[in-house]
Amino acid sequence: MTTASVFDAAGPAGDDHAAGLRRDQWRERMGLASLAAPALLLVTVTMLVPVGWLFGLSFLDDNGALSLEHYRRMLAEPSYGRTFRTTFEISFVTTLICILLGYPLAYFLSQLPRRAANLCMIAVLLPFWTSLLVRTYAWLVLLQRSGLINTWGMKLGLWSEPLQLVHNMGGTLIGMVHIMLPFMVLPLYGTMRAIDRNLLRAAASLGSTPVHGFWTVFFPLSLPGLAAGASLVFVLCLGFYVTPAMLGGGKVTMVSNRIANDIELFFNWGAASALGVVLLVITLVVLMLAARLSRGAGLFGAGH
Amino acid sequence: MRLAGDHERPRDAAAFAPSSATALPITVRRLSKAYGAVPVLDEIDLDVRPGEFLTLLGPSGSGKTTLLMAIAGFLRPDKGSIRFGEREVVRLAPHKREIGMVFQNYALFPHMDVARNVGFPLRLRRVPAAEAARRVEAALEMFQLGGFGGRRIDQLSGGQRQRVALARAIVFEPRIILMDEPLSALDKQLRERMQIELRQLHERLGTTTVYVTHDQREALTMSDRVAILDRGRIARIDTPRAIYDDPGSRFVAEFIGESSFLDVAVADGVARAAGSTIRAGNLPTRQGCCTMVLRPERLHLLGPGEGEGMNCFDGRVTGAVYQGDTLLLQAVLSGGSPVALRLTTRGGEGPPPAPGTPVRIGIAVSDTVLLPDEAQGAP
C-alpha cells in the first residue's frame, strides 16, 4: 500500500475532517469522565441517598405526617441552644489553639531544608496512623484522676489534690486539638513552602527588620493556607463525636453527641435528622464564608 | 500615558542626581565560606572601586552568588572582612546595610501593587507620603513605567517586572547596588536591551554596583571590570578588553570567548607549533612549552602571497557552518589540532571551501597570545 492510498482512504479531497475531529475530542472527553463514574456512584449511594432520606425524615412528625415539629422544638427548648453554643465554642477554641500551635510549627517546618522538613512532617502525621479511639484513650490514661500527669505532678509536689483534667471542657479541648493539629499544619505548610524566600530577602535589603518583613510580606502571603487550615479544622470540629463523648464525660454535649442520644436513647430519628440538617447547613455556610475569605486573600496573590 | 517598552527614554535625572561623589568602595578581605569540607569562598580578596560596575562571572558552583549573598548579608561567612567605605559590615544584619538588591526572579511582593512595591523602602524610612509618592512616580518614569503604579504585579510582563524591581532597588538611593543574574529570566532580545539600559542607569547614578552573571557576553558588555571566579577563588580581575585580549590562563581563555588551543614547544629561543615557527610579543626565553590561544575571529584565511606579519599554519577544512553574519569554518592544522575561524560574510561570496580543501590560516603576531604552561609556571 502506498502513502497516496492512505490519503485517499481518509476521504475525498477538500474534506477538512472537522466533524470527525470533533467526534474524536468528544469521545476522549467522555472516556476521561467515565473514570469518575465509580466514585460518583459511591457518593450517590453512600452520601446523597442517606442525607436526602434524613432530610425527608426531619420534616415528618412521630406519626409520619409532614410537620416542622422537630425544628420548632429545637427553637423552643433551650437545651438545644446550649448544645449548639457548646459545639461552636469548642470548635472555635480548638481552631484558635490549632492556629496558635500550628502556625509557628508550620513556619518552622517551612524554613527547614526539604529532607529535614519531610522527616519532621512524618512526626506531625504519625498520629494519623493510629486509631482515633486509641489516641483518645491514651489521653484518658494521661489525664484522669489517677493518670500519669496527676500521679507525677503530686509526686513532684507540684499540686496536692488530683486536678480535674478530663471529663470537662479542658480535657475535650486537649484531645481535639491533638487530633486536629495536622489538619491545620498541612495546608499552612504547603502555602508557606510556596512563598519565595527571596521575597523576605528583598524586604530585608530594602530595610525591613525580620519582624517587619514577616508581618508585611510573609504573613499576608500565608493567609490562604491559614484560611484553608482554619476552615478545615472548624468544620471537622463541628461534627466531631468520639473525643467529646469520651473526654467530655457527659458534661460536654456537642451536636453529634445529641444526635447519638436522640437515636440510641429515644429512637427519635426525626429529631436526630433535624439536628443533622441544621448542622449541615451551618457547615456549608462556614465553608462558603471561608472560600470567599481565602479567595479574597488569593486576590492579593498566593505565589505564582 | 507612556507605554513601557517605548523606545524613547525620558530621563528624569532631576530626581536622581548622580551620587558618584558619595559612592562607596567595597573591600573584601580573606573572605571564606565552606560547606563541610568543600570551600565555596576560599580567602577571597576583592576591591570594588567607588562608582564602579563590577561583574562577578563564573560557572555554576564557582562561588559568585555566594560572594554576592555574603556582601548583601544573606549568607554568614566563616571568616573574613567586608567593608563598605570605612565601615565593617561583615556582622551587620542585611536590613542595616542600605543595599539596593535586584534578584533573579524579581522578588516583587505579589500582594502589593506596583506603587506599594516601589514605595516599600520609603515607607520603612518614614518618608512623608506626598514625597514618597513623588519619588515612586519619578522612579517608575525613569523605567518607562509612568502611570503603572496601580497595576498588580501579575498584570506585568517579565520585562516590566524587572523594571519595577530595579525601580524599587534604587528609589531609596542606596550607595551600593547588588544584582543577582537579574536578566536571566528574560528572552534574548529584551535581555540585550536591558543590558544597555542597566549600563546607562549606572552611568547616570554612578552607584557602586556588583553584578553576578554566568553569561560572559553580558559581563563584557556591561562591566567596568570583570572578576572571574573559579572554585571559590578569583581567577582574574581586569577590564573586559584586557581579559579578552590576554586571558592569562587556560581557564579564563576557555570561559571568556571561544578559542582553540595550540601546544607550543620552545627550544633554543625558537617556538614551534603545528609545524610552523611562532613569533609573539611574550615569547618565553626558557626551554619548555606553552599554549597558544586562537580566537576564531582573529584568524584569517590566507590567499597566495598573503601572511605578512602573521603566524601562518597549513591546514585542511573539515566543515563550515553558515550563521548569517558570519561563516564558522572548521579546520585541522597539520599537527592534527582542530581550530575554528569566524569569517565575516559579504554578499556575492562563492560557496565555502569544501571539506578536505587545503588552506593557509594566519593570525597577526600582535594577536598571538601565549598562555604560561600551568604545570611549569610563567613562560
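Two strands count as paired if DSSP finds at least two bridges between them. Strands themselves (E, at least two residues) and helices (H or I, at least four) are DSSP runs, numbered from the N terminus. The model described here is predicted, with local features needing pLDDT of at least 70 and side-chain atom pairs counting only at pLDDT 80 or more, while totals for chains, interfaces and linings use all residues. Residues are numbered from 1 along each chain as its sequence is written, and chains are lettered from A and ligands numbered from 1 in the order in which they are written.

Chain B holds an open sheet of five strands, in the order β15-β19-β16-β17-β18, with antiparallel pairing. At its edges stand β15 (299–302) and β18 (338–344) of chain B, each with a single partner strand, so one side of each has no neighbour in the sheet. On average, neighbouring strands of this sheet are turned by 45° against each other, direction ignored.

Going through the pairs, β16 (residues 310–322) and β19 (residues 358–364) of chain B run antiparallel over seven bridges, and B:Cys312 has B:Gly362 in β19(B) as its bridge partner. On to β17 (residues 326–333) of chain B: seven bridges join this strand to β16(B), again antiparallel, with B:Ala320 opposite B:Leu329. These two strands form a hairpin with three residues between them, and B:Gly324 in the turn has a positive phi of about 85°. Next come β17(B) and β18(B), antiparallel and joined by seven bridges, where B:Leu327 is partnered with B:Leu343. Their hairpin has four residues between the strands, and here B:Gly336 takes a positive phi near 100°.

Elsewhere in chain B, the axes of helices α2 (residues 114–124) and α3 (residues 129–142) come within 9 Å and cross at roughly 125°.

As for how the chains meet, 17 residues of chain A are in contact with 19 residues of chain B. On the chain A side, α10 (197–205) and α11 (210–238) each supply at least two residues, and the largest share, six residues, comes from α10(A).

Terms used:
Axes fitted to C-alpha atoms, helices over the stretch in contact; angles between N-to-C directions. Contact = placed C-beta atoms within 7 Å.
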